[in-house]
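Here's a quick tour of the fold, piece by piece. Have the viewer open and follow along.

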Amino acid sequence: MKKQLTALLLATTVTFSVGAFTAEQALAASDATIVSGVNFRKAPNTGSDTYGLLKAGEKVDILEKVNDYWYKVRDDQGRVGYISTSSKYVRADGSGGSSSNGSGSSNSGSTSKPSTGSSSEVVNKVIAAGKKYLGTPYEFASDRSNTRTFDCSDFTRQAFKEGAGITLPSDSRGQASYVKSLGGTTSNWHNLKPGDLMFFMSYKGTKASAYPSDKSNQRITHVGIYLGGGKVLHTYSKTSGGVRIDSIAGKHWEYRFVFGGSALK
């Protein structure tokens, strides 16, 4: 009886904890929709304090199936917590579905999987997918459920979703953590390969002297796709014209560059 009661209570709650998901989970996100309102909770048990409701119709990304009762999820505010696996409260939308929250990733339910073929073929598909959106307007905190506008991480996420079939974390720092977890990163942009993600610190001016020589501890604020030949494909402001290609050498992009590497295993 006690086990049955616990299972019933679990089916009506969502547990919430602010934090980051692991990069291994970031490879395979599954979009999901809340189908019936449930409570946020601070810890994965029914006795914890609540933080409000996830309402019907809201989108989440399933990051991990913890056990038979709980999914680890990320909501549209970037918060990571736990939700009942019961279909009464959540519906997995599959690997390719758009999410209004701009996703993280998951290893449960229907998962995103890398495209088949050689790595060079996948890289070419990612770059082609990105170039398709040249000129698309920039919007800070753009809606991940459509491609009418992009911010920097929404753009890279969309290019890899279409070109490689993987769903990256929704923000630049999450993408940076994921790439770091795969290894093979470099702080010298000359060592990058086409298709690698480039991560940058905040803009401090056009002169190299405005930036620290050691940027390893700098906060990541921007991401783009390296095209090769000293070019980066990205988006960063409305006035710049949205998605565009820029040269790196001798520009503030070179001085701001923190590290880069492949998002493909």
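In this predicted model, I62 sits across from V73 of β6. That pair belongs to two antiparallel strands, β5 (residues 59–65) and β6 (residues 70–74), joined by four bridges. Below, the rest is sorted by topic, starting with how those two strands connect.

**The β5–β6 hairpin**
- To get from β5 to β6, the chain makes a hairpin through four residues.

**The five-stranded sheet**
- Elsewhere there's an open sheet of five strands, and reading across you get β12-β11-β10-β9-β13, with antiparallel pairing.
- The edge strands are β12 (244–247) and β13 (257–261); each has a single partner strand, so one side of each has no neighbour in the sheet.
- On average, and ignoring direction, neighbouring strands here are turned by 35° against each other.
- Inside the sheet, β9 (residues 197–200) and β10 (residues 222–228) run antiparallel, with four bridges between them.

**Where α3 meets α4**
- How far apart are the axes of α3 and α4 where they pack? They're 8 Å apart, and the packing angle is about 130°.
- Angles from 65 to 115 degrees count as roughly perpendicular and those over 145 as roughly antiparallel, so α3 and α4 come out as oblique to each other.
- The crossing of α3 past α4 is right-handed.
- From α3, the contact uses V122, K125, V126, A129 and G130.
- From α4, the partners are F155, A159, F160, E162 and G163.
- By type, the residues in this α3–α4 contact split into six nonpolar, two polar and two charged.

- The loop between α3 (119–131) and α4 (152–163) holds A141.
- A141 isn't a glycine, yet its phi is positive, near 55°.
- Why is that worth a look? Most residues other than glycine have a negative phi.

Definitions and conventions
Residues numbered from 1 in each chain as written. Predicted model: local features only at pLDDT ≥ 70, side-chain atom pairs only at ≥ 80, totals over all residues. Heavy atoms only, no water. Pairing = 2+ DSSP bridges. Axes fitted to C-alpha atoms, helices over the stretch in contact; angles between N-to-C directions. Parallel < 35°, antiparallel > 145°, perpendicular 65-115°, else oblique. Left-handed = near helix turned anticlockwise from the far one by under 90°. Contact = heavy atoms within 4.5 Å. Nonpolar A, V, L, I, M, F, W, Y, C, P; charged D, E, K, R; others polar.
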